[in-house]
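This report describes a single protein chain, from its overall dimensions to individual residues. The sequence and the model are shown first.

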Amino acid sequence: MTIKQLSYFLAVVDTGRFTQAAALCRVAQPTLSKQIRSLEDDLGETLLTRGHDNVTPTAAGEALLPLARRIVADSETARMEIAELAGLRRGRLRLGATPSLCVSVVADVLEVFHGRYPGIAIQVSEGGSQDLVADLQRGQLDVALVIDRTDPGGDLALTPVLREELVVVAARSGPDLGEHIGIAELAHHPLVVNRPGYELREVTLAACAAAGVTPRIAVEGGEMDALLRMVERGLGVAIVPSLVLAGHPSLRATRLDGGAWSHRTISLAHRTDVAPTRAAQAFREDLLAVLARTSRTGLLPPGVRYVHPPTLTA
């Protein structure tokens, strides 16, 4: 079993076609097919069901799939790490972040990072904390900014960097919710929530359940920008992090009477079984420098506080 064979196997599974997989891998189809058969012979199992219209993994193929992704991702990381020994003149940073951070902190940090290391290719994945944690565990990200109420399991470490307040937002042309609002009162208003996979959605619904109320969900699904636009159009109210309010003058924020759950910590997550790449370490340095400077100059949004984290370790 070789890395190349696993890469070919993943390409076939992802495309569903031997022809498309061969084109993706830039090899002749007979060569790819031969390598797949060799992999199956080596493992003693048929990995793919070869249908007339498409190719799908067998039970053995499904079992191999997550392991193959992890092995291939780790081999790519190893190659990139060696390349980075040239002084970060080339390499790759695979960064994940929640939508609220992508429209605020991430852009500011990447401006600094790219200025220092223009040769580093930056790949940003935007998603909910649960999805980002899963991508980290699969080896598809180097680091991610996530909400640390998401249980990362034993293979990930969380380094706190920000503490922020959750608020309720409504259109300025809509209902005036006052300075404070509780969950029971919030249940009287139509609610806009993210799609499944977002920690914010789970927290909102869990708070309603804990208060014994059933939320009136008006709109369900979408990313943060879509959620805010729906609130601006008067479709309902939403619980959002205070970080996202900048640039939305048509929204009015109301503080939550929610206790501890109405505040959350943003952490930088990385795998514990793989040493952080040099690019990931450099990103961490720039992240902390930008946040410290923004905090020191009083430019953090209301309800957001910088957390001084410990040293990032493997």
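## Terms and basis

A residue is called buried when its relative accessible area is under 20%, exposed when that area is over 50%, and partly exposed in between, with a 1.4 Å probe and protein chains only. Threonine 49 is partly exposed, because its relative accessible area is 41%.

This is a predicted model, in which local features need pLDDT of at least 70, side-chain atom pairs count only at pLDDT 80 or more, and totals for chains, interfaces and linings use all residues. Residues are numbered from 1 along each chain as its sequence is written, and side-chain values use heavy atoms, with hydrogens and water left out.

## Overall architecture

The chain contains 11 helices and 13 strands; these are DSSP runs numbered from the N terminus, helices being H or I with at least four residues and strands being E with at least two. The C-alpha trace spans about 70 × 45 × 30 Å along its principal axes. Of the 314 residues in the chain, 48% are buried. A contact requires heavy atoms within 4.5 Å. Among contacts between residues at least 6 apart in sequence, 74% join residues at least 24 apart.

## Surface and charge

The accessible surface amounts to about 14,600 Å², and carbon and sulfur atoms account for 53% of that surface. Areas come from the Shrake-Rupley method with a 1.4 Å probe, and for residues only the protein chains shown count as cover.

The chain carries 32 positive and 35 negative side chains, and the centres of these two sets lie 5 Å apart. Lys and Arg are taken as positive and Asp and Glu as negative, while His and the chain ends are not counted. Each charge is placed at NZ of Lys, CZ of Arg, CG of Asp or CD of Glu.

## Pocket and cavities

Pockets and cavities are found on a 1 Å grid over the protein atoms alone: a cavity is a set of points where a 1.4 Å probe fits but cannot get out, a pocket is an open set with protein on both sides within 12 Å along at least five of seven lines, and lining residues have an atom within 4 Å of a point. Grid points are joined across faces, edges and corners, and a volume is the space filled by probe spheres set on the points.

The largest pocket has a volume of about 310 Å³. Its lining consists of 15 residues, of which Leu10, Arg69, Val72, Ala73 and Glu76 are the closest to the centre. Helices α1 (3-15) and α4 (59-83) each supply at least two lining residues, and α1 gives the largest share, six residues.

Three cavities of 30 Å³ or more are present. The largest cavity holds about 140 Å³ of space. Thirteen residues line the largest cavity, and Leu141, Asp142, Arg271, Val274 and Ala275 lie nearest its centre. Both α4 and β12 (263-271) give two or more residues to this lining.

## The region around threonine 49

Threonine 49 belongs to strand β1 (residues 48-50). Beyond four places in sequence, threonine 49 touches Asn54, Val55, Thr56 and Thr58. Threonine 58 lies in the loop between β2 (55-57) and α4, and threonine 58 counts as buried because its relative accessibility is 17%. With residues up to four places away in sequence not counted, threonine 58 touches Thr46, Leu47, Leu48 and Thr49.

Glutamate 40, in helix α3, is buried at 8% relative accessibility. Leaving aside neighbours within four places in sequence, glutamate 40 is in contact with Glu45, Thr46, Leu47, Leu48 and Arg50.

## Other individual residues

Most residues other than glycine have a negative phi. Arginine 26 is not a glycine, yet has a positive phi of about 60°. Arginine 26 is situated in the loop between α2 (18-25) and α3 (29-43) and is exposed at 79% relative accessibility.

Aspartate 273 occupies the loop between β12 and α11 (278-296) and is partly exposed at 46% relative accessibility. Aspartate 273 touches Arg70 and Asp155, not counting residues up to four places away in sequence. The C-alpha atoms of aspartate 273 and alanine 157 are 9.8 Å apart in space, although the two residues are 116 residues apart in sequence.

Glutamate 199, in helix α9 (residues 199-210), is buried at 6% relative accessibility. A distance of 6.0 Å separates the C-alpha atoms of glutamate 199 and serine 129, which are 70 residues apart along the chain.
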